Amino acid sequence: MSVEAAETRERIRAGSNLASRGGERLGFAVFAAILLLAPFWLPLVGSYTDLGTRVLIYALAAMGLNLLLGFTGGLSFGHAAYFGLGAYGTGLMLRYAGPNMWLAVAVGVLLGGFAATLVGPVVMRRRGIYFAMITIAIGQMFYFIAVRWNNFTGGEDGLTGFQREPLTFPGGSIVLNGPRFYYFVLFFFAIGVFVLWWVLNSPLGRAMVGARENSRRLEFLGVPVERLTWISFAISGFVTALAGSMSALLNNFTSPLDLYWQLSGYFVIICVLGGMRNFWGPFVGAAIYVVMQDYASSLTKNWLSVIGLMFMLVVLFFPRGLLGVLARRRSG
Amino acid sequence: MELLLFDAFNGLIVGFFYALMALGLSLILGLNSVINFAHGGFMALGGYLAFTLVPVIGFWGALILAPFAAAALGILAERGLVRPLYGRDPLYSLLLTFGLALILEDVTRSIWGAQGLPFAIPNFLNHPLSNVYFFFTGYRLFVIIVTAIATATLFATLRFTRLGICIRAGNADLETVASLGVNIYLLRAANFALGILLAGLAGILAAGQLGLTPTMGASLIMPSFVAIIVGGAGSLIGSLLGGLIIGVAAGITTAYFPAASEVVIYLIMAVVLVIRPRGLLGQEGLFE
């Protein structure tokens, strides 16, 4: 236990304290450059900018989830709900309240985030698989509200009738087409990631990791573990809702499937695939998932089997995830 | 009034499907410590296998054989996929059955097609039993009877047979059961199969009422989770009761406010979780 805890501590430091060591600072600079230049190199490798945008969105959603899943130890299988609420909040604002992008994003984030904050106290006492079952069932409630509130949300067909509007500043406005929209998403991605990084490197984040490793000991030390789970759930919901809001703007459309329990499962497998004990793990997982989906859907109709098989292979042969394996190899 | 009765009765029938599913899920949740996301997939499989078997061995043969066929596939899945994950982080078994659920849905769609299929039931079951209450058909009575027999058999098995005693003891303390010389791997496989057996049966009964679609599993499994949460984890009677309660509640809501008929299930769950976090009959302290 203590060896594993020490190893975990090492991995967290390796993943999150990016600026502390020379090598990692360099690594982060390269990573940032890759993201900043993506609209230039993506077409060169035969891809397109929107694919990069989608990677950012899935990565942000999964990294938000991973604060709870990987670092606090709460098995949430219901995060599609907060993703979808973010998307619907933004879409509904643009459709019914006028073309203010800043306001639309804010409303999406607040809708999803506050929903997670409200759900938190109901689930925070639970652990393990029961936590998973309750989060997934509560998530379905939001799905059915979106499906059944036909005249407001568009029902089963999804919400249409809104689109990305020009971004207005005090001094003018920008039309968000092509690469500009990518940078718009990258900007919010950076904000979301910074919040997560900041939380994880604060005493609060350390306590969350402690709750995952040994919640009983933390309780004896007087740390309110349940409240920690709640806070983690809420922050994670806000970040995932931000990703959902971006998703609505990318597609100019939101579907009830953005709230469906299967998407929640995809977010979890993205975290595990990349390595959920690692800060950037979900990003790697999202990149693999999105690219794979892009290729597989052009090759086969049986996309569900492909991803189902991926779930099994990852679980049976690759449970530490890609970055988990790499980190282990480097340290041992 | 008649309409209300009609909707409530409809809800009761659907509640029986939920209850059968929830009983199986509950069994597996207890002894195998797995949330079987693939339960809906196995349920659909039971229905579709029966659909294929009916022309060969008739309705009654299919009713008996198809659940066992589904259970046999369940044993394969348990031995090959779930078993390596016992004792590991529960997250992994969740993800595994999740992946299996996706594959089962896709396989079902590939074999039998994405379109819904009608499931023929014997003619004499189709007639209404009463002129006033036209909705009280023979088939609905049949669903109630079969579910009652299946449930009674399950509880009798758990109460009186050696297998049942081992399962109950395993839920209380698996390590002690193992140290007394019971092969717990075999026990868990049998328990998993028992759960899938119930799912397969639910699949056939639901097929006769609602028809067959590849997504029937995905849409029936979530209310079954709710049934377990409402009834309380760790209590089979709770799961049974939870399934019936949410079924009837959804039915009654259909009469007054159809759009909310699904949402009401989750509202009941939320209320139960707030007022009585362990569920109606759940064990205190389980999963906390």
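**View 1. A:Asn252 and its partly exposed setting in the predicted model.** With 14 C-beta neighbours inside 10 Å, A:Asn252 counts as partly exposed; a residue is called buried if 20 or more other C-beta atoms, placed from the backbone, lie within 10 Å of its own, exposed if 12 or fewer, and partly exposed in between. A:Asn252 lies in the loop between H12 and H13 of chain A. Helices are DSSP runs of H or I with at least four residues, numbered from the N terminus. Although A:Asn252 is not a glycine, its phi is positive, at about 50 degrees. Most residues other than glycine have a negative phi. The model is predicted, and local features need pLDDT of at least 70, side-chain atom pairs count only at pLDDT 80 or more, and totals for chains, interfaces and linings use all residues. Residues are numbered from 1 along each chain as its sequence is written, while chains are lettered from A and ligands numbered from 1 in the order in which they are written.

View 2. H13(A) comprises residues 261-274. Its 14 residues should span 20 Å at 1.5 Å a residue, and the end C-alpha atoms are 21 Å apart, which agrees; the expected span is 1.5 Å times one less than the number of residues. H13(A) is mostly covered, with 13 of its 14 residues buried. Just after H13(A), A:Gly275 adopts a positive phi of about 120 degrees.

**View 3. The crossing of H5(A) and H12(A).** Helix H5 (residues 80-96) and helix H12 (residues 225-251) of chain A have axes that come within 6 Å and cross at roughly 50 degrees. Axes are lines fitted to C-alpha atoms over the stretch in contact, and angles run from 0 to 180 degrees between N-to-C directions. The residues of the contact divide into nine nonpolar, ten polar and no charged. Here Ala, Val, Leu, Ile, Met, Phe, Trp, Tyr, Cys and Pro count as nonpolar, Asp, Glu, Lys and Arg as charged, and the others, Gly among them, as polar.

**View 4. The packing of H9(A) against H12(A).** The axes of helix H9 (residues 179-200) of chain A and H12(A) come within 10 Å and cross at roughly 170 degrees. The two helices are therefore roughly antiparallel to each other. A:Val185, A:Phe188, A:Gly192, A:Val195, A:Leu196 and A:Val199 of H9(A) meet A:Ile235, A:Val239, A:Leu242 and A:Met246 of H12(A); residues are in contact if their C-beta atoms, placed from the backbone, lie within 7 Å. This contact divides into nine nonpolar residues, one polar and no charged.

**View 5. The side of chain B that touches chain A.** The contact takes 35 residues from chain B and 35 residues from chain A. Helix H3 (90-112), helix H8 (216-231) and helix H10 (263-275) of chain B are the elements that give two or more residues to the chain B side. H3(B) gives the most, with 14 residues. The chain B side divides into 28 nonpolar, three polar and four charged residues.

**View 6. B:Ser33 in its loop.** B:Ser33 is found between helix H1 (2-31) and helix H2 (39-82) of chain B. Its phi is positive, at about 50 degrees, although B:Ser33 is not a glycine. B:Ser33 is partly exposed, with 17 other C-beta atoms within 10 Å.

Note on methods: Two residues are in contact if their C-beta atoms, placed from the backbone, lie within 7 Å. Angles under 35 degrees count as roughly parallel, over 145 as roughly antiparallel, 65 to 115 as roughly perpendicular and the rest as oblique.
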